[in-house]
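Notebook open, pencil ready. I'm going through this one residue by residue and jotting down what I look up.

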Amino acid sequence: MKKILITGAKGFLGSNTVKYFKALGYKTYGIGHGSISNDNLKRMGLDYWQKGDVSISAILRFKQSFDVIVHCGGSGSVKFSQEHPNKDFKRTVDGTLEVLEYIKIYNSNAHLIYPSSPAVQGEHLDMPIKEEYIGEPVSPYGYHKKIAEDLCESYYKEFDLNITIVRIFSLYGNGLKKQLLWDACKKINKSRDEVIFWGTGKETRDFIHINDVISLFNIMLRKNNKFIIINGGTGIKYTVQSVVEMIRDIINPHIKLSFNNQTNKGNPIYYLADINKLERHGFKAKKNLKQEIKNYIKWVKNLDD
């Protein structure tokens with residue numbers, strides 16, 4: 001039986017990765033913060049859990065070698081990185097270095113999947129972003145992700161490690177209690193007349209469902225080259241305004257929407273994945289945003305009932 005280690009296994013991406021690979025027959029191991037009861041371990045699909053920061057010593061306590069390591073641990077917020085750059089650095093950069101050192105010394109045959117972000121490339125014109133584009137991050141979050149990517153590439157070059165970097169665009173899905181869909185649902189649900197959002201509404205995003213991201217992880221386990229950076233997106237762009245209008249029209253079509261026209265520092269204006277490399281690897285996103293927004297709204301409503 002193959003073994004997979006997921007860091008940050010209690011988070012949105014990590015917990016869904018656990019369930020997916022457990023269903024494929026993997027023995028699942030997780031590291032993260034907080035304790036988990038045996039009942040919750042079973043419900044999550046985790047066979048073994050290690051409480052604490054991501055470190056070599058924590059991984060060694062499993063006394064196992066892993067076929068796959070998905071390193072979801074680390075910071076996941078631009079705002080957090082702006083307010084706590086030191087903590088963000090430690091979570092993102094130091095944690096990644098610990099994983100890489102562990103693989104180099106103890107588990108060199110493991111395939112590392114590192115979920116990254118197009119934030120490493122910063123601002124871009126209103127056109128698809130190729131993986132090869134070299135930009136400049138506009139937040140500590142982006143800079144720290146870029147350092148982590150560079151570490152991954154250096155360990156591949158120096159020590160021949162097997163590494164896949166997936167730059168995930170705007171991740172969404174039931175269970176995610178942050179980002180645009182969550183904020184829009186909560187604000188519109190509470191309002192009786194008008195909801196005001198940040199920005200102009202003309203900002204564009206490429207939304208990719210959690211199920212599609214994890215299926216991409218699985219596809220990349222069969223790649224031929226030892227190191228690859230690949231976009232995790234759909235190649236379809238939506239304006240922020242069009243998305244909040246979709247949500248508004250379902251919840252309460254009478255709500256007025258407006259935007260404050262202020263710049264949301266740290267978040268680039270345009271995000272759209274170039275999917276040529278994705279398609280060459282046989283990936284195509286299956287989830288439809290409009291349908292999944294309906295599912296997401298139902299999920300949020302059930303939380304409030």
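Predicted model: local features only at pLDDT ≥ 70, side-chain atom pairs only at ≥ 80, totals over all residues.

I started with N261: buried or exposed? It counts as exposed, at 57% relative accessibility. The cut-offs I'm using are under 20% relative accessible area for buried, over 50% for exposed, and partly exposed in between, with a 1.4 Å probe and protein chains only. N261 is found in the loop between β13 and α10. Helices here are DSSP runs of H or I with at least four residues, strands are runs of E with at least two, and both are numbered from the N terminus.

I looked up the phi of N261 too, and it is positive, near 60 degrees, in a residue other than glycine. K63 is another non-glycine with a positive phi, about 55 degrees. K63 sits in the loop between α3 (56-60) and β4, and it is exposed, with a relative accessible area of 72%.

Residues are numbered from 1 along each chain as its sequence is written, and side-chain values use heavy atoms, with hydrogens and water left out.

**P268, back in the β13 loop**

P268 also has its place in the loop between β13 and α10. P268 is buried, with a relative accessible area of 2%. What does P268 contact, leaving aside neighbours within four places in sequence? I found G122, E123, V138 and R205, where contact means heavy atoms within 4.5 Å. I also checked P268 against H84: they are 184 residues apart in sequence and 20 Å apart in space, C-alpha to C-alpha.

**Aromatic rings**

I searched the whole structure for aromatic pairs and got 14. Rings of Phe, Tyr and Trp (its six-membered ring) pair if their centres lie within 6.5 Å; planes under 30 degrees apart count as stacked, over 60 as edge-to-face and the rest as tilted. For F62 and F66 the centres are 6.1 Å apart and the planes are at 90 degrees, so this pair is edge-to-face. F62 is buried at 11% relative accessible area, and F66 is buried at 3%.

Next I looked at F169 and Y271, with centres 6.1 Å apart and planes at 75 degrees, so they are edge-to-face as well. F169 is in the loop between β6 (162-168) and β7 (170-172) and Y271 is in the loop between β13 (256-259) and α10 (276-280), so the pair ties together parts that are 102 residues apart in sequence. Both F169 and Y271 are buried.

Back to F62 and F66: they form one aromatic cluster with Y29 and Y48.

**The β1 end**

I moved on to strand β1 (residues 3-7), where four of the five residues are buried. β1 pairs with β2 (residues 27-32) in the parallel sense over five bridges; strands pair if DSSP finds at least two bridges between them. K3 has K27 in β2 as its bridge partner. β1 also pairs with β4 (residues 68-71), parallel again, over four bridges, and I6 stands opposite V70 there.

How long is α1 from its first C-alpha to its last? It reaches 17 Å with twelve residues, close to the 16 Å expected at 1.5 Å a residue; the expected span is 1.5 Å times one less than the number of residues. Among the buried residues of α1 are F12, L13 and F21. After α1 comes G25, with a positive phi near 100 degrees.

**Strand β8**

I196 lies in β8 (residues 194-197) and touches K187, S258, F259 and N260, not counting residues up to four places away in sequence. β8 and β13 run parallel and are joined by four bridges, and V195 stands opposite L257 in β13.
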